[in-house]
Structure formats: C-alpha cells, structure tokens
Amino acid sequence: MMAQSPLSPISPSSILARFQSNGQHTCFHGRHIAPQIYAGLDGTNWRLMDYVARGGYQALRRVLGQLSGSDGGAAMPPEQVIAIVKESSLRGRGGAGFPAGLKWSFMPRQYDGPKYLVCNSDEGEPGTCKDRDILMFNPHIVIEGMIIAAYAMGASVGYNYIHGEIFAAYDRFEEALQQARSAGLLGDRILGSNFCFQLHAAHGFGAYVCGEETALLESLEGKKGQPRYKPPFPASFGLYGKPTTINNTETFAAVPWIIRHGGKAYLECGKPNNGGTKIFSVSGDVTLPGNYEVPMGTPFAKLLELAGGVRPGQSLKAVIPGGSSSPVLPASVIMDCTLDYDSIAKAGSMLGSGAVIVLDDSRCMVKSLQRLCHFYSHESCGQCTPCREGTGWMSKIVDRIENGQGLPEDLALLDSVAENIQGRTICALGDAAVMPVRAMLKHFRHEFDHHVAHKTCVVPAYV
C-alpha cells in the first residue's frame with residue numbers, strides 16, 4: 001500500500017484556487033460599492049503589517065490618545081466612543097439589527113468586577129458566509145474593533161466564539177491574535193496606556209443554536225449549548241454570571257472605520273437609521289455568487305446586477321433576503337425593495353444576516369421548504385417541547401407533500417403546527433423554523449395545493 005501524502009498546507013493561494021475552481025467568487029471580485037471592511041483585500045494581505053499599511057489600528061491609537069501630530073491628543077472618554085457609535089446608526093449585523101451603540105450603553109459602568117466582551121462568529125445561518133471571509137482575510141479589523149469596544153465598556157477580557165466547522169478561520173484568527181500581542185496591541189498596558197485587554201479565540205462545535213447569544217455563552221462556559229431564559233439579560237448576567245456584551249463579527253469590523261471617519265460619515269454611507277455598508281452573501285440561482293459589500297439602502301435590483309443576474313434562460317421567482325430563517329419574498333415584492341432593515345421589514349421579511357438566497361423559476365417551493373424544514377428539525381436543541389416536537393412534525397408533513405402523499409388537510413395542519421411553535425420557545429429558533437413555512441404558504445400556496453391535488457410538482461422540470 002502506498003503511503004499517504006501529508007495534507008497540503010492551507011495558504012491564501014490554495015483557498016483562492018478552490019473558490020475559482022467551483023465558480024465561487026467569495027469577496028475578491030472588485031464589484032463592491034464603497035467597501036469599508038473588504039476594501040483592498042486580495043486574499044494574501046491579511047497580516048498585521050498589511051493591515052497597518054491600510055491604516056489599521058489608527059482608530060485604536062486615536063481612542064487611546066496615542067496618535068502623533070494634529071490627530072493626537074488626550075484619550076477619548078469611553079462615553080465619547082459610545083456616542084460616536086450611536087451617531088453612526090450601526091446596527092448589529094448578526095441578524096437582529098439592534099443598535100450597537102445603544103447595546104454598548106447597557107453595560108453597567110459602575111460595576112467594579114470583571115466584565116466580558118464576546119464576538120459571535122458562530123456563522124451557522126444557511127446561506128451566510130460573510131464572517132468567515134472577514135476572519136480569514138481581514139482578521140485584524142475584528143481585533144481592533146473588539147479592543148475599542150472593550151475600552152468603551154470597560155471590559156478586561158474578550159472571546160471570539162468561532163463556528164466549529166471553519167477550522168482554517170480559527171487558525172488564522174489565532175495567528176492574528178499572536179501578531180497583535182507581540183506588537184503590544186493586546187494584553188497589559190496596550191500601546192503604553194493604562195488600558196488592559198486580553199482577547200482569546202474559542203472554538204464552537206458547529207451547533208446552529210449556539211448562534212443564539214445565551215446558548216453561545218453556555219457553550220463558552222463548557223456546558224451544553226442551550227439557550228437561557230431571559231431575563232436576566234447578558235448585560236447584567238452573562239458569561240460566568242458577569243456583565244457581558246455580545247456582537248457579531250461584522251459589527252465589530254465596522255467600528256474602526258467609524259472611529260477614524262466619524263459617526264456622521266458612517267451614517268451618510270447608508271440611510272437614516274441604517275448606517276454604513278453591509279456585506280451580503282448572495283447565493284442560489286445567480287451567475288456570480290459571492291459576498292458583496294454595498295451601502296445600506298442599495299436597491300436589491302442593483303445587488304442582483306452585481307451578482308450577474310439570475311441564471312441564463314431563467315427569470316427571478318423569489319428571494320430569501322436575510323438567511324434561511326427570514327420569510328421568502330416573491331420577485332414582484334423584492335424588486336421594489338432597498339436593502340436595509342426598515343425596507344425589508346416593511347415588505348414582510350427581515351434583512352437578518354444579509355444572506356440573499358435567489359430562487360429562479362425552475363425551483364419548486366415545496367422542495368425548497370422541505371430542505372429548510374429538515375435543517376431546523378435537525379438543529380433544534382430539544383430544550384423546548386414546541387420546537388423539539390413541532391419542527392419534526394413540520395418536516396414530516398412537508399416530506400409527505402413533496403413525495404406525493406399529501407392529504408387535503410395537511411396544509412391546515414402545517415399552518416396549525418407552525419402557529420403553536422411561534423412565540424412559545426425560549427429562543428428564536430422556533431420562530432426561525434416557522435417563518436419560512438408561513439411565508440411559503442402565504443406567497444406560493446398554489447404550488448402546495450398542486451402537490452396535494454396532483455401528487456406532482458407544478459414546476460415542469462425541477463433542477
């Protein structure tokens with residue numbers, strides 16, 4: 001028997017080659033609009049010296065009063081940093097869209113014990129792949145953002161909880177952390193100041209539910225990743241029972257630009273109540289799938305154009321605008337939308353994580369829902385009975401309909417099960433499982449009726 005050759009080392013060139021071979025464009029395509037996080041990246045310039053050459057850690061130096069020349073001066077008061085982030089209208093990029101500056105202000109200032117900062121890099125939402133590109137190709141922007149956030153909130157220790165199935169990104173972030181420590185950017189007396197902050201990487205285990213912040217905290221503490229009851233909220237009782245603030249990877253990555261250019265400038269990059277740029281992971285039936293960073297408020301039609309439009313010979317049927325848990329929108333609705341939290345909410349869905357899943361007219365919506373229901377049934381942690389039992393029931397009902405065994409009463413039963421899950425669970429996974437079901441039934445009921453009545457798909461040739 002021939003000896004097995006050792007595994008090839010992971011390198012930027014090998015990663016780029018893998019993306020190019022399967023047609024994925026990730027974030028190196030040059031079709032972003034006014035990028036802030038992906039700006040200047042080529043897959044190889046991720047190290048500390050590269051980041052510094054792009055202006056990296058200047059925001060931290062400004063906050064700590066370590067800049068020389070006209071930009072120098074005294075350290076910013078923590079309250080001023082929070083005020084700038086509030087002015088920017090930066091909203092959490094993990095899915096909920098909660099104002100980041102307001103969230104930071106919840107951290108108790110007078111508490112004299114340890115306070116923690118946590119980055120949620122547990123990117124498990126189907127269709128979402130933006131954060132892993134940030135961690136792989138611009139990790140120092142996350143580190144700098146977390147240091148600034150820790151300074152603003154008085155946190156002394158931070159953790160980046162990284163999804164358990166992206167080992168290369170974890171290794172890359174660990175290497176970036178070591179670079180930052182060696183340069184005096186992490187640890188005791190950062191850049192000669194009195195501010196001390198320790199930052200560590202933590203590896204998850206691939207559970208979707210650990211994207212929920214309290215389940216993440218449980219996992220970080222070494223326990224089974226299951227959501228906690230709220231209240232108390234993490235700001236008062238978080239990691240190890242201490243005050244904790246949790247933000248998404250992209251949220252922290254936006255902070256250095258905000259500090260360097262000002263909250264007003266960031267707000268003006270987007271639209272009122274929706275500041276800055278947003279990274280959208282465009283997948284599905286498009287010619288050029290990949291990550292696209294564009295200003296908040298960009299028309300969906302423009303994003304679709306950047307992604308090369310739908311596949312040749314097909315037309316747009318529907319779009320899931322914010323990851324698999326966001327309600328599907330038909331083409332007639334989404335084409336009139338701009339990509340911001342308020343516009344998408346008004347249309348009846350959610351911007352969520354920014355994972356835009358495009359479905360053309362070759363797609364059977366029953367088959368699509370079958371896949372989503374199977375995912376949520378598999379990923380339910382089992383803690384809440386409505387979710388544990390209900391997601392399985394929904395999956396079985398949709399399986400039955402898709403396989404030509406649907407009964408006339410199945411659609412009413414499916415809607416009833418969904419209604420009995422929604423709003424009745426500790427965390428939002430139950431709601432996430434329900435929203436695709438109810439939206440599919442609302443907008444594409446005729447396809448489900450056809451499956452039940454004719455035992456076949458209304459789409460002539462599903463691919």
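## Strand S2

Val157, Tyr159 and Tyr161 point one way from S2, Gly158, Asn160 and Ile162 point the other way, and all are buried. Buried means under 20% relative accessible area, exposed means over 50%, and partly exposed lies in between (1.4 Å probe, protein chains only). In a regular strand the side chains alternate between the two faces of the sheet. S2 is mostly covered, with six of its six residues buried. Helices (H or I, at least four residues) and strands (E, at least two) are DSSP runs, numbered from the N terminus.

This is a predicted model, in which local features need pLDDT of at least 70 and side-chain atom pairs count only at pLDDT 80 or more, while totals for chains, interfaces and linings use all residues. Residues are numbered from 1 along each chain as its sequence is written, and side-chain values use heavy atoms, with hydrogens and water left out.

## The four-stranded sheet

S2 belongs to an open sheet of four strands, ordered S3-S2-S1-S4, with parallel pairing. Two strands pair if DSSP finds at least two bridges between them. The edges are strand S3 (198–203) and strand S4 (244–248), each pairing on one side only. Neighbouring strands of this sheet are turned by 20° against each other on average, direction ignored. Axes are lines fitted to C-alpha atoms, for helices over the stretch in contact, and angles run from 0 to 180 degrees between N-to-C directions.

S1 and S2 run parallel and are joined by six bridges. Ser121 has Ile162 as its bridge partner in S2. S2 also pairs with S3 in the parallel sense, over six bridges. Here Tyr161 stands opposite Ala202 of S3. On another side of the order, five bridges join strand S1 (residues 116–121) to S4, and the two run parallel. Val118 has Ile246 as its bridge partner in S4.

## Helices on this sheet

Helix H10 (residues 249–261) packs on the sheet and touches S1 and S4, its direction making about 90° with that of S4. Helix H7 (residues 139–153) lies across S1, strand S2 (157–162), S3 and S4. H7 runs at about 150° to S1. Contact means heavy atoms within 4.5 Å.

Thr245 lies in strand S4. At 2% relative accessibility, Thr245 counts as buried. Not counting residues up to four places away in sequence, Thr245 touches Lys103, Trp104, Met107, Tyr116, Leu117, Val118 and Met153.

## The five-stranded sheet

A further open sheet has five strands in the order S6-S5-S11-S8-S9, with mixed pairing. Its edge strands are strand S6 (290–295) and strand S9 (329–330), each pairing on one side only. Helix H6 (residues 130–137) packs on the sheet and touches strand S5 (277–284) and S6. The direction of H6 makes about 115° with that of S5.

S8 and S9 pair in the antiparallel sense over two bridges. Ala318 stands opposite Pro330 in S9.

## Helix H15

Helix H15 covers residues 365–379. At 1.5 Å a residue, its 15 residues should span 21 Å, and its end C-alpha atoms are 21 Å apart, which agrees. The expected span is 1.5 Å times one less than the number of residues.

The buried residues of H15 are Met365, Val366, Ser368, Leu369, Gln370, Leu372, Cys373, Phe375, Tyr376 and Glu379. They pack against strand S8 (316–320), strand S11 (355–360), helix H16 (385–402), helix H18 (429–443) and helix H19 (445–454).

## Asp415 in H17

Asp415 sits in helix H17 (residues 410–421). With a relative accessible area of 28%, Asp415 is partly exposed. Asp415 touches Arg438 and Leu441, not counting residues up to four places away in sequence. The C-alpha atoms of Asp415 and Val437 are separated by 7.8 Å, and these residues are 22 apart along the chain.

## The whole protein

The protein has 19 helices and 11 strands. Its radius of gyration is 23 Å, close to the 23 Å that the globule rule gives for 463 residues, so the protein is as compact as a globular protein of that length. The radius is taken over C-alpha atoms, and the rule is 2.2 Å times the number of residues to the power 0.38. The C-alpha trace spans about 75 × 65 × 45 Å along its principal axes.

Of the 463 residues, 55% are buried. Among contacts with a separation of 6 or more, 70% come from residues 24 or more positions apart. The accessible surface is about 18,900 Å², and 55% of that belongs to carbon and sulfur atoms. Accessible areas come from the Shrake-Rupley method with a 1.4 Å probe; for residues, only the protein chains shown count as cover.
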